[in-house]
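Hi,

Here is the structure I promised to pass on to you. My notes on it follow just below.

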Amino acid sequence: MSQITMKEAVSKAKLHLVELFSDDALRAVALEEIELRETQSRKVWAVTLGFQRQQKEKIAMPRVNWLRDQEDEKLTGRVYKTLLIDSETGNFLKMDIRQVS
Amino acid sequence: MNGGLDQQLEAYIRQYSHDGVLLDTNVLLLLLAHRFDPQLVGCKRLEKYDIEAAQLLMGCVGQFQRILTTASILTEVSNLAGQMLTGSKKQAFYTMLYAFFSAQIPNDVQHCSIHGIDLHIHQFVKLGYTDTTILAVAEKKPHFLLTDDLDLFLDAQQHNIPTINFTHMREAAQLI
């Protein structure tokens with residue numbers, strides 16, 4: 001049985017998201033998906049949040065000769081991140097890019 | 001619920017209440033488990049839900065004349081329920097679920113066949129068989145889809161399938 005509730009996990013994830021993007025005013029933040037994942041050693045709440053960024057999202061492009069050492073920068077529209085929260089301690093573990101099509 | 005989502009849901013109810021609502025596997029499992037035994041909500045495969053979520057779902061589904069489903073959704077529901085339950089409780093749940101598989105299905109349930117529908121390979125590779133059939137069935141008629149699977153929801157949106165993310169409903173109803 002998890003020690004923090006799903007609601008607490010979502011609340012913590014939102015706080016950490018805002019903190020991690022403190023240099024950027026995030027817009028239209030919404031909870032998109034939540035699941036309780038079981039790893040070998042622990043259970044974690046995987047909280048996926050979607051939002052619009054004010055700043056441009058940097059995308060690392062595949063390295064090909066004529067693009068070597070270049071970096072493309074574009075607006076990606078809505079961004080999705082999954083924040084992992086330890087279900088026992090409530091600690092924030094990490095944030096992953098949530099790949100969507 | 002917030003204004004935009006509320007209005008969107010009301011519009012879908014007006015348009016699709018007679019046709020029905022196509023429920024994704026997790027959402028249908030929540031509905032059936034809550035109907036069978038509300039104490040199952042919040043346990044095992046339903047850890048991410050609570051009673052309030054189940055009640056919100058029941059209230060929404062109650063606006064539609066029937067639940068639409070497919071053989072693959074029911075198979076997944078059956079398999080997941082099998083992982084949740086044991087003994088006599090499992091048998092009792094399967095007895096309830098049998099009605100969905102039998103020739104005399106309840107009046108408020110309708111099977112959607114994928115017979116004759118082409119499945120898109122890129123969806124199959126990305127989402128797997130069940131979600132691909134859900135998209136194919138929902139796109140053809142179209143049917144209103146309620147899901148809390150983000151990939152399925154976004155793909156449905158891309159194909160102009162009428163859909164709502166149940167997680168958005170929960171957040172908008174201030175349940176999360």
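Before the rest, some housekeeping. This is a predicted model, where local features need pLDDT of at least 70 and side-chain atom pairs count only at pLDDT 80 or more, while totals for chains, interfaces and linings use all residues. Residues are numbered from 1 along each chain as its sequence is written, chains are lettered from A and ligands numbered from 1 in the order in which they are written, and side-chain values use heavy atoms, with hydrogens and water left out.

Back to the interface. Taking contact as heavy atoms within 4.5 Å, 19 residues of chain A touch 18 residues of chain B. Four salt bridges cross between the two chains (a side-chain nitrogen of Lys or Arg within 4 Å of a carboxyl oxygen of Asp or Glu). One of them pairs A:Arg98 with B:Asp151, whose closest N and O atoms are 3.0 Å apart. On the chain A side, α1 (6-20), β1 (27-38) and β2 (43-52) each supply at least two of the residues that touch chain B; helices (H or I, at least four residues) and strands (E, at least two) are DSSP runs, numbered from the N terminus. The most comes from β1(A), with seven residues.

Over all chains, the whole structure has 14 salt bridges. Among the pairs is A:Glu32 with A:Arg78, at 3.0 Å from N to O. That pair links distant parts of the chain: A:Glu32 is in strand β1 of chain A and A:Arg78 in strand β5 (residues 78-86), 46 residues apart.

Two backbone details in chain B may interest you. B:Lys141 and B:Pro142 are joined by a cis peptide bond, with omega about -5°, and B:Pro142 sits in the loop between α7 (129-140) and β4 (144-147) of chain B. B:Lys44, a residue other than glycine, has a positive phi near 40°; its place is the loop between α2 (25-36) and α3 (51-61) of chain B. For context, most residues other than glycine have a negative phi, and most peptide bonds are trans.

Best wishes
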